[in-house]
Amino acid sequence: MSRLASAFARAKAQNRAAFIGYICAGDPDFDTSLAVGRTLLNAGVDILELGVPFSDPLADGLTNQLAAQRALESGMNAAKVFELVRRLRAEFPAAPIVFYTYYNLVFANGVDAYIRAAHEAGVNGMLTLDLPPEESGEVQAAAKKHGLDTVFIVAPTTPDARIATIAAATTGFIYYVSREGVTGVRADSAANIPSAVARIRARTQLPVAVGFGISTRAQVAQVAADADGVVVGSALVNCIRENLGAPATMIARLATVAADLVAGTRR
Amino acid sequence: MPSKPDTLDRFSLPDAAGHFGGYGGVFVPETLMTALSELAAAYEVARKDPKFQAELRHYLKEFAGRPTELYFAEGLTKHAGGAKIYLKREDLLHTGAHKINNALAQALLAKRMGKKRIIAETGAGQHGVATAAACAKFGLECVVYMGAHDMARQALNVFRMRLMGAEVRGVEAGQKTLKEAINEAMRDWVTNVRTTHYILGTAYGSHPYPMMVRDFHRVIGQEAKEQILAREGRLPDELIACVGGGSNAIGLFFEFLEEPNVRMIGVEAGGRGITQGAHAARFAGGRLGVLQGCKTFLLQNADGQIELTHSVSAGLDYAAVGPEHAFYRERGRIEFAYATDDEVLEVFQLCSRLEGIIPALESTHALVEGLKRAKQLGKDKVIIVNLSGRGDKDVEQVAKILAAKS
């Protein structure tokens, strides 16, 4: 069983949804980001989703755009992102780590070489925001060869017929984006999540995680009632942004916030 | 060396998934996939619908002012002392550039699709102005995204857009030019996809945009072919057009792709010269990558981060090039050159003085190459340069640059 599958199975056995925490690798710099990743995993985050900072993150809202900008300005590059994964992997041998990235970073120097390097660093899965299944043949082949799971998105606008196509390309989990739009915190909760999750479940056995706009424990609990996993990103990234000058406060705050959100996953 | 004749049927591309050989395709977040396939389907029906085509022809003639003249540039021809230079006068179109061809057509298509809200990106502002005009004409809500840096250097166009009822939203991210405006337009589209049509302004992005925008500009080459046959009794030896995304260029070139004796040259922005961050000549300093919806030549660093670009012309200041251009370059059918800012500023003044025509800085890139080529060719040769836009929008910026230099 892959690390991702184990994480979902373990959460299910504990009668809760898996908690997927997103941060941008290297935000605001390498060392702080390492401490942030460590804090999240210690706080009970089941799957760490690492955003690979890209110059043109067109699926991301302002919070994550600024996070990527901070990371790039601090000197993050492909080699350092892999190094960050290696360091986390050394401390947390069993923790599932998933890349959240844009295709040009995977494509630029050869898809196979990139996925191999990611696997060797300790990455377990990859979601490529601007890569639909139709264009993902090379990524699927390399992921299979190197033992990396693929993650693809289903959106509210995805017709039923496409869900099967998406599921066929996916080995890790289906990421349901709960609303049309970019990433970011929203006060209201997306409607129709139970029916959307049911719509996907009717077409695949894969775990279904729900994300985009989920930022409070109440929202987590609401989504966890139906989904196999809950993704929270901007709420965590905001803890980083709000405490940029004070790393100790940042880490303490993240530990509290993450533990609270994780507690929301219990059914 | 003359370029190779192409035996490929130009209508066979792109394939159903938007590929021009190894270029193009669809690379967008899942939320947009259905909108893109609905758009492709709606366009497929519209392109074959005589009513849509007749309506479009009507507005192109009566609202935009087609056909545009093919004008013999006597002053520039004499100055070069070689080949005859003709200018395809897209600068005479309503709103000042070829962009209106596509903006009108896509606005009509949006109406057909029942989308009442339009978004667009703009660099130099010409596409934004064209879209604002089309939306005013058809009563559509219009939001234009524009880099804050471009808003400053193209302030006149910002005012024109607002005057026609468009909301212009400044984009402060990154280097605040066209690329960031497209990112922001795509974020808007992802958020409002059910009600909104994105009028992309160049032959770029995900399928069906590169094909559709090309088709809407084919009229440029169709007219030019008829006009040059009427004037000279033969086809031109060379076609020259500037290439940002590449819409005016593919519009002029497409009709001639299967004419083996017509050479075609696209001209990119050489900026301050071909060093990292100082230019936007993708074929001179770029390599294959994926950005903003398609696979093509990009200016990028070793990791695949998109590089900064520079050009005196906002409309060419972009890190990627249309996939169809990348394809025909690979086949040797379309050649590429670049013009530097300094060359452009000189010819901007020269054309104004010798022809009484103030060209857009974008189009001036094509004129720079046109003059170079004309000098090398005999007097029996004929060149058509696409004068894709007028330079009224640029005079304030050029005045500032020239004042700083003197």
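Visitor: With which side chain does the side chain of Arg16(A) make a polar contact at 2.7 Å?

Guide: A polar contact is a pair of N or O atoms within 3.5 Å, where within protein one must be able to donate a hydrogen and the other to accept it, and residues adjacent in sequence count only if both atoms are side-chain atoms. Here the partner is the side chain of Gln14(A), at 2.7 Å, and the side chain of Arg16(A) also makes a polar contact with the side chain of Asp46(A), at 2.8 Å. This is a predicted model, in which local features need pLDDT of at least 70 and side-chain atom pairs count only at pLDDT 80 or more, while totals for chains, interfaces and linings use all residues. Residues are numbered from 1 along each chain as its sequence is written, chains are lettered from A and ligands numbered from 1 in the order in which they are written, and side-chain values use heavy atoms, with hydrogens and water left out.

Visitor: Where in chain A is Arg16(A) found, and does Arg16(A) count as buried or exposed?

Guide: Helices (H or I, at least four residues) and strands (E, at least two) are DSSP runs, numbered from the N terminus. Arg16(A) is found in the loop between helix H1 (3–13) and strand S1 (18–24) of chain A. Buried means under 20% relative accessible area, exposed over 50%, and partly exposed in between (1.4 Å probe, protein chains only), so Arg16(A), at 12%, counts as buried.

Visitor: How many salt bridges does a search of the whole structure find?

Guide: Side chains of opposite charge can pair when their charged atoms come close. The rule for a salt bridge asks for a side-chain nitrogen of Lys or Arg within 4 Å of a carboxyl oxygen of Asp or Glu, and over all chains the search finds 48. In one of them, Arg199(A) meets Asp160(A) at 2.7 Å, N to O; this pair links distant parts of the chain, with Arg199(A) in helix H9 (residues 193–201) and Asp160(A) in helix H8 (residues 160–169), 39 residues apart.

Visitor: How many residues apart are Glu44(B) and Arg47(B)?

Guide: Glu44(B) and Arg47(B) are 3 residues apart, about one turn of helix H1 (residues 30–47) of chain B, in which both lie, and their side chains form a salt bridge at 3.2 Å, N to O. Glu44(B) is partly exposed at 29%, and Arg47(B) is partly exposed at 27%. In another pair of chain B, Arg263(B) forms a salt bridge with Glu238(B), the closest N and O atoms being 4.0 Å apart. That pair links strand S10 (residues 263–271) with strand S9 (residues 238–242); Arg263(B) is buried at 17%, as is Glu238(B) at 3%.

Visitor: What area is buried between chain A and chain B?

Guide: Buried area is the accessible area (1.4 Å probe) that two parts lose on being put together, summed over both. Between chain A and chain B this area is about 2,900 Å², of which carbon and sulfur atoms give 49%. In chain A, Asp56(A), Leu58(A) and Glu135(A) lose the most area to chain B, together 22% of what that side buries.

Visitor: How many salt bridges does the rule find across the interface of chain A and chain B?

Guide: The rule finds 3 salt bridges across this interface, and the side chains of Lys179(B) and Asp56(A) meet in a salt bridge at 2.8 Å, N to O.
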